[in-house]
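I opened this entry to log what I looked up: pockets first, then strands and rings.

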Amino acid sequence: MGRAYVPRENLGGNFCRHAPLSPRFTLARPAKTGTGGIPRVLTLCAERLQAYYYSPRTVIPSLDLANGSERQQRSERREACVLLLTALLKYTDLTSLRVGIPTQDGFFSLTVGYIAKQTGMTLKRVERALADLKTSGLVTLSQPRKRLPDGAWKDLAAVKAISRHLFAIFGLGRRLKKERVKASKRLKQKAQQWALAADKATRAGQARLALALKALPSLPGRPSGKPKRKPPDDREYRRRLNLKLAELKEKHWNWSREQLIEAAERMLFDLNQKY
C-alpha cells in the first residue's frame, strides 16, 4: 500500500521558502566579524555580492548565463548562489583562496554537506548552485583521491577555491592583495608555533624514554630454575637489550621486571640464532 499523499504548501521558490521580494542572504551559521573574526575583505565581498541578486546580468554576467539560457537566472537560483558564495567566503583561506581550514597536518577541505549546513539550504539546492559557480568561473573544483590498503580508491572532500576575479568585480582587488600578504605572515607565524610545539613533544617523548630506560634493571643474573642464556658482556649487547626493554615496557606496562628482562633476552637470543 502506497503512502498517503500529504499536500505541501508552496511558500514560493519551488517549496524552498524563497520570497522573491525579500531574499535571504544571512547564513544559518553567520561568520564571526570584528576582533577575532574573519578578515574584513571577505565580509565586504559577501555584502557587495548581494547586488548580483538584483542586477545579475550587469554584476556577474557569467553566472547569470551559467545555465546556458539567454533568460535571466531564476530568483531562487540567484539567492542560492549568493548564499553559497557567502558560506564559501566564510571559510576562505586568504593565502591560497582555498575553502577550508589550514592545520598542523595540512589543509583541511570542507565537504559540500558541511557547507550546506552553514547556508541552511538543502544539499541538492547547494549542489545546483555550486555547479553554476563552477561553470561561471567563480569557483574551481578538484577531486583528490586516497589509495586504500586493499587497493581501492576513496574520494576525499573536493578542493574548492575562490577566484580572485570575484573580488576585482566588487572593487576589492587591491585590498585582497594586501590582506593576502598579511595572511601569509600570520600563517608563517602559526607554522613556526606548530613546529615549536612538535619539537617540544618530541623532546618530551625522548625524556620519557630516557626515564623508562633508567627505571629498568641493568642486566641482573637470571633467576634460578629457568633456562640460562648468558648474555655477552659487551656494550653493544647491553644497548640492544635496553632498547628492547624500552619497547616492551611501552607495550606491556603491567609486566614485572623479570618478565620484561626474560622477554627481551629471548628476543635477542632468537634473533642471533636466526642470523
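Which element gives the largest share of the lining of the largest pocket? I found that helix 9 does, with 4 residues. Helices (H or I, at least four residues) and strands (E, at least two) are DSSP runs, numbered from the N terminus.

I noted the ground rules. This is a predicted model, where local features need pLDDT of at least 70, side-chain atom pairs count only at pLDDT 80 or more, and totals for chains, interfaces and linings use all residues. Residues are numbered from 1 along each chain as its sequence is written, and side-chain values use heavy atoms, with hydrogens and water left out.

**Pockets**

I read a volume of about 480 Å³ for the largest pocket. A pocket here is an open set of points on a 1 Å grid over the protein atoms alone, where a 1.4 Å probe fits, with protein on both sides within 12 Å along at least five of seven lines; lining residues have an atom within 4 Å of a point. Of its 19 lining residues, Pro39, Thr92, Asp93, Pro102 and Lys190 are the closest to the centre. Strand 1 (92–93), strand 2 and helix 9 (173–215) each give two or more residues to this lining.

The second largest pocket has a volume of about 270 Å³. I counted 15 lining residues, with Ala31, Thr43, Ala46, Glu47 and Thr86 nearest its centre. Helix 1 gives the most to that lining, 4 residues.

**Hairpin**

I then checked strand 2 (residues 98–103) and strand 3 (residues 106–109). They run antiparallel, joined by 4 bridges; pairing takes at least two bridges found by DSSP. The two strands form a hairpin with 2 residues between them. Isoleucine 101 stands opposite phenylalanine 108.

**Rings**

I found 4 aromatic pairs. Rings of Phe, Tyr and Trp (its six-membered ring) pair if their centres lie within 6.5 Å; planes under 30 degrees apart count as stacked, over 60 as edge-to-face and the rest as tilted. Phenylalanine 25 and tyrosine 54 have ring centres 6.5 Å apart and planes at 80 degrees, so I logged the pair as edge-to-face. Phenylalanine 25 is buried at 12% relative accessibility, whereas tyrosine 54 is exposed at 56%. The cut-offs are under 20% relative accessible area for buried, over 50% for exposed and partly exposed in between (1.4 Å probe, protein chains only). Phe25, Tyr53 and Tyr54 form one aromatic cluster.

Last, I looked at a charge over a ring. The charged end of arginine 98 sits over the ring of phenylalanine 107, 4.0 Å from its centre. The test wants NZ of Lys or CZ of Arg within 6 Å of the ring centre and within 35 degrees of the ring normal.

Technical notes
Grid points are joined across faces, edges and corners, and a volume is the space filled by probe spheres set on the points.
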